[in-house]
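Hi,

Here is the structure I said I would pass on to you. Please have a look at it first, and then read my notes below.

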Amino acid sequence: MWHRTTLTLSPRRQGFHLVTDEIIDQLPALAAVRLGLLHLQLLHTSASLTLNENADPDVRHDMALYAERLAPQGIDGMRHTLEGPDDMPAHVLASLFGTQLTLAVESGRLATGTWQGIWLGEHRQHGGPRRILATLNGDDA
């Protein structure tokens, strides 16, 4: 079984956001997969996807602090600034964190660890809605 759809995530402020439920809610076909894989490809160059802590929001706060230090705004000599001072740092962070995830699916659910959830890293101050191409492959239930 193959299923592909484009998901849309709600606009969020700059930072890291737990989006697991928002993704699952838009993938009813997931429930029919006995064993398979879900590939998520973020269709933007200024945001990221990562699998990380889903219980303590302080982890997302602290990750945002690290991201600010990894890719600060206003570096002398930066050329790609037409879309604002947050644009080039957003591209750097998207490359560092990545824009794709492949997750195991078992019995109609994501087979993630106990404290794992899907994060959207919004690296722009006003990134807007974010689109994800979701490709589901597996055996039907």
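In what order do the 5 strands of the open sheet with antiparallel pairing run? The order is 1-8-3-5-6. Strands here are DSSP runs of E with at least two residues, helices are DSSP runs of H or I with at least four residues, and both are numbered from the N terminus. Two strands count as paired if DSSP finds at least two bridges between them.

Before I go on, a word on what you are looking at. This is a predicted model, in which local features need pLDDT of at least 70 and side-chain atom pairs count only at pLDDT 80 or more, while totals for chains, interfaces and linings use all residues. Residues are numbered from 1 along each chain as its sequence is written, and side-chain values use heavy atoms, with hydrogens and water left out.

**The sheets**

Back to the sheet of 5 strands. Its edges are strand 1 (2-9) and strand 6 (109-110), each of which pairs on one side only. Strand 6 is joined to strand 5 (residues 100-106) by 2 bridges in the antiparallel sense, and V105 has L110 of strand 6 as its bridge partner.

There is also an open sheet of 3 strands, in the order 2-7-4 and with antiparallel pairing. Strand 2 (15-18) and strand 4 (47-53) are the edge strands here, each pairing on one side only. On average, neighbouring strands of this sheet are turned by 30° against each other, direction ignored. Strand 4 pairs with strand 7 over 7 bridges, in the antiparallel sense, and L49 finds its bridge partner in L120 of strand 7.

Two helices pack on this sheet. Helix 2 touches strand 2, strand 4 and strand 7, and its direction makes about 150° with that of strand 2. Helix 3 touches strand 2 and strand 4, and its direction makes about 45° with that of strand 4. For these angles, axes are lines fitted to C-alpha atoms (for helices, over the stretch in contact), and values run from 0 to 180 degrees between N-to-C directions.

**A surface patch and an exposed loop residue**

Helix 2 (57-70) and helix 3 (87-97) each supply at least two residues of a nonpolar patch. The patch lies on the surface and consists of Y66, L70, V92 and L96, with about 430 Å² of accessible area together. Areas come from the Shrake-Rupley method with a 1.4 Å probe, and for residues only the protein chains shown count as cover. Patch residues have over 30% relative accessible area and no salt bridge; nonpolar side chains (Val, Leu, Ile, Met, Phe, Trp, Tyr) are joined within 5 Å, like charges within 9 Å.

L96, in helix 3, counts as exposed because its relative accessibility is 55%. The cut-offs are under 20% relative accessible area for buried and over 50% for exposed, with partly exposed in between (1.4 Å probe, protein chains only). G74, in the loop between helix 2 and helix 3, is exposed too, at 61%. G74 and P89 are 15 residues apart in sequence, and their C-alpha atoms are 9.0 Å apart in space.

**Salt bridges**

How many salt bridges are there? The count is 6, taking a side-chain nitrogen of Lys or Arg within 4 Å of a carboxyl oxygen of Asp or Glu.

R124 forms a salt bridge with E83, with 3.7 Å between the closest N and O atoms. R124 sits in the loop between strand 7 (116-122) and strand 8 (130-140), and E83 in the loop between helix 2 and helix 3, 41 residues apart. R124 is buried, at 13% relative accessibility, whereas E83 is exposed, at 52%.

R124 also meets D87 in a salt bridge (3.1 Å, N to O). D87 lies in helix 3, so this pair ties together parts that are 37 residues apart in sequence. Both R124 and D87 are buried. Salt bridges with shared partners join E83, D86, D87 and R124 into one network.

Another of the salt bridges joins E122 and R130 (2.8 Å, N to O), and both E122 and R130 are buried.

**One more residue to look at**

E22, in helix 1 (residues 20-25), is buried because its relative accessible area is 18%. Apart from neighbours within four places in sequence, E22 is in contact with T8, L9, S10 and R12, where contact means heavy atoms within 4.5 Å.

Best wishes
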